[in-house]
Amino acid sequence: MKRRAWIAPVAALITLSAIASGALAADNAVVPPLPSPEGSVTWSLADVTSTALKNHPLILQADADVAAAVARKGQAQSAWYPSVNLSTGYTRLRAFSATTNQNVTTPNEFARGDLNWMLYDFGRTGASVDRADANAAVSRETAATTREDVAFVATVAFYNVLRAEKTLEFQRENLRQQESLYRQASAFYEAGVRAKIDVVRAEANLYDARAQLSQAENGLRVARITLLQRIGVDGPAGFRLSGALPELSLPGTLEDWVAEAVRNRPELRGLVEKERAATESLRLAKAGYLPFLLGSAGYGYGAEEVPLQQNYGLAVTLNYPLFSGFQTREQTKEALATISSTQYEFIETKRRVRLQVEVSAYSVQEAKERLEARKKQRDASGENLRLATARYEVGAGDIIEMTDAQAQMVRSETDTINTAFDFAVSHASLLRAMGR
């Protein structure tokens, strides 16, 4: 009798284990795959960044700003050319004449052309043109900065979608495991070999897994629409992504990367052009102390009666600004202060660029080391879950050990996914800091 009492529970456990294994295989068959819409476009990282560079409104705005700056240079150059005006008209003037002691009406008809030309302005126009050219160069470097920012943000959004897809895939697997555990606990409870608390705990974990899956699905939806916004398009909504994480290292040393950043960063080149513009503003302001030479000519026909009489005029004028209410002096002070401000801004920006490179480099190194540790943690957690599952199926382990192993696996897998994409983002941040 004692032997029969011992054999019965063992046989029940073996039978329930077989049932649970069958349920596990069935679960693997019904887990839904990741979305893969038929006929949808597949984007690589290069596709995403190139699309962003072509379509993002900030880039189009920057290009328009460059075109406006170039046009302002053309406006400054127009002072080198003469201006020509054509005019024609008819006037009729009625006035009292003291000579005749009566009102006299005087008609007049005219047609003439006038030419005005700044013959020499002692460098005013040259300084204006050079300043406009420097400001146009600043706009170009600002546009280059905008392109790098847009490309970087699009890259981060690309990796965030891949991160959300990996997270969703794992959360689906986690839900499948929690459903399997719940069925096992229920079967054991119905067979009378486990307590009710096993079922209750497994049910709580099941609903937690469903909540995490719902959160992961929403995170993927948000990541996908964010990517579309980051690249400046509205669709297609069913796009897919293809690509791998970047290499684990970049060639060179920290000092090499900092030197490359100083050479490449458009912000620094823009500040150099900004200082040049301020220098030209100073030259223009100082030209206010100098005279300027004007030339004018006019030719036309005019008279009170037809036929009209030929007339013309020529004039050359030298103007010298003796006093302008201290305007020239204050403009000179402003230009000098702007030069100093730009020089200090360049020093601060250069230090900030170095800081960005150093922080990004250290972040890449930290993420690399953390990723290696997370992978080992995930492997250990997977082995722990496998052993806990085997022990629970044969009745040697309890529900607490099983759920703890599953929770540990969820944390380690989530941490591994996040760390892998943290490394990808840090890698992209280092490239952005280097001005690539």
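This is a predicted model: local features need pLDDT of at least 70, side-chain atom pairs count only at pLDDT 80 or more; totals for chains, interfaces and linings use all residues.

1. Residues are numbered from 1 along each chain as its sequence is written, and side-chain values use heavy atoms, with hydrogens and water left out.

2. Helix H5 covers residues 196-230 and, with 35 residues, reaches 51 Å from its first C-alpha to its last, close to the 51 Å expected at 1.5 Å a residue (the expected span being 1.5 Å times one less than the number of residues). Helices (H or I, at least four residues) and strands (E, at least two) are DSSP runs, numbered from the N terminus. The buried residues of H5 include Leu206, Leu213, Leu220 and Arg224, where buried means under 20% relative accessible area, exposed over 50% and partly exposed in between (1.4 Å probe, protein chains only). Their cover includes helices H2 (45-55), H4, H8 (327-393) and H9 (399-433), and just after H5, Gly232 takes a positive phi of about 75°.

3. The whole structure holds 26 salt bridges, each a side-chain nitrogen of Lys or Arg within 4 Å of a carboxyl oxygen of Asp or Glu. Arg276 pairs with Asp133, with the closest N and O atoms 2.9 Å apart; this links helix H7 (residues 266-286) to helix H4 across 143 residues.

4. Glu173 and Arg176 also form a salt bridge, their closest N and O atoms being 2.4 Å apart, and because they are three residues apart in helix H4, about one helical turn separates them. Arg176 counts as buried at 7% relative accessibility, whereas Glu173 is partly exposed at 28%.

5. A further salt bridge joins the side chains of Glu260 and Arg436 (2.9 Å, N to O). Glu260 lies in helix H6 (residues 254-264) and Arg436 in the segment after H9, so the pair ties together parts 176 residues apart in sequence.

6. Ser128 lies in helix H4 (residues 124-191). Leaving aside its neighbours within four places in sequence, Ser128 is in contact (heavy atoms within 4.5 Å) with Ala76 and Leu284. Gln77, 51 residues from Ser128 in sequence, is 8.0 Å away in space, C-alpha to C-alpha.

7. On the side of accessibility, Leu86 lies in strand E2 and counts as exposed, at 75% relative accessibility.
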